[in-house]
Amino acid sequence: MVEAYIGIGSNLSDPIYQVQSAIESLKILPGMTLMSASSLYASKPQGPQDQPDFVNAVAKIKTQLSATSLLASLQTLEKEQGKVKKRHWGERVIDLDILLYGSVTIQTTTLTIPHPEIPYRDFVLLPLSELVLELPLLGNVSNLIDALDETYVYPLNNQ
């Protein structure tokens, strides 16, 4: 079993519901076990600003799936939940990203692990900080948070 972290985000169709629904779906996906999930956080969009704010969380799982099989399972879950990609870094019903997969590095045309944007994304680092202190290959989560230029994330209290 490999420990992996999944980034979850939504800014359409009741984003809180969408993120919570994705977390619930991770509990029953074959080949994995949901270990824990962070609180929900609101964040400004990273890309185009003419879209709603996002709701984000991170889930910690254990899986027997390969990284590519895990990616395929997450993409199926996204499709079932209604994801349609309209534009790069644009609005979406649900987005599931493999952030880390054990301590391995993967670089293919379809998958890069660790996710290359982790050190720059407050909406990933703050939820991650609830689940883990040290990230394989990346270091201390608190140090990564301290290195951010700005933070546009705040915890949601209505979970």
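A residue is called buried when its relative accessible area is under 20%, exposed when the area is over 50%, and partly exposed in between, using a 1.4 Å probe and protein chains only. By that scale K44 is partly exposed, because its relative accessible area is 41%. The structure is a predicted model, in which local features need a pLDDT of at least 70, side-chain atom pairs count only at pLDDT 80 or more, and totals for chains, interfaces and linings use all residues. Residues are numbered from 1 along each chain as its sequence is written, and side-chain values use heavy atoms, with hydrogens and water left out.

**Confidence**

- The pLDDT is the predictor's confidence in each residue, from 0 to 100, and the protein chain averages 91, with 96% of the residues scoring at least 70.
- Helices (H or I, at least four residues) and strands (E, at least two) are DSSP runs numbered from the N terminus; among these elements of the protein chain, confidence is lowest in strand β10 (residues 153–155), at a mean of 85, and highest in β4, at 97.
- Where pLDDT is low, the predicted coordinates should not be read in detail.

**Helix α1**

- Helix α1 covers residues 15–26, and its end C-alpha atoms are 17 Å apart, which agrees with the 16 Å that its 12 residues should span at 1.5 Å a residue; the expected span is 1.5 Å times one less than the number of residues.
- The helix is largely enclosed by the rest of the structure, because 9 of its 12 residues are buried, including P15, I16, V19 and L26.
- Contact means heavy atoms within 4.5 Å, and the buried residues of α1 pack against β1, β2 (32–37), β4 (54–63), α2 (67–81) and β5.

**Strands β1 and β5**

- Two strands pair if DSSP finds at least two bridges between them; strand β1 (residues 2–10) is joined to β5 by 6 bridges, and the two run antiparallel.
- Within this pairing, Y5 stands opposite L100 in β5.
- Strand β5 (residues 95–101) is mostly covered, with 6 of its 7 residues buried.
- D95 lies in strand β5 and, leaving aside its neighbours within four places in sequence, is in contact with G7, I8, G9, E78 and K83.

**Salt bridges**

- A salt bridge is a side-chain nitrogen of Lys or Arg within 4 Å of a carboxyl oxygen of Asp or Glu, and a search of the whole structure finds 4 of them.
- Side chains of opposite charge can pair when their charged atoms come close.
- D95 forms a salt bridge with R92, the closest N and O atoms being 3.3 Å apart; D95 counts as buried because its relative accessible area is 14%, and R92 counts as buried at 9%.
- K44 forms a salt bridge with D53 at 3.5 Å between the closest N and O atoms, and D53 is partly exposed, with a relative accessible area of 31%.
- The side chains of K27 and E24 meet in a salt bridge of 3.0 Å, N to O; K27 is partly exposed at 46%, and E24 is partly exposed at 44%.

**A37 in strand β2**

- A37 has its place in strand β2 and counts as partly exposed because its relative accessibility is 32%.
- Leaving aside its neighbours within four places in sequence, A37 is in contact with I23, V58, A59 and L131.
- Although A37 and E130 are 93 residues apart in sequence, their C-alpha atoms are 8.5 Å apart in space.
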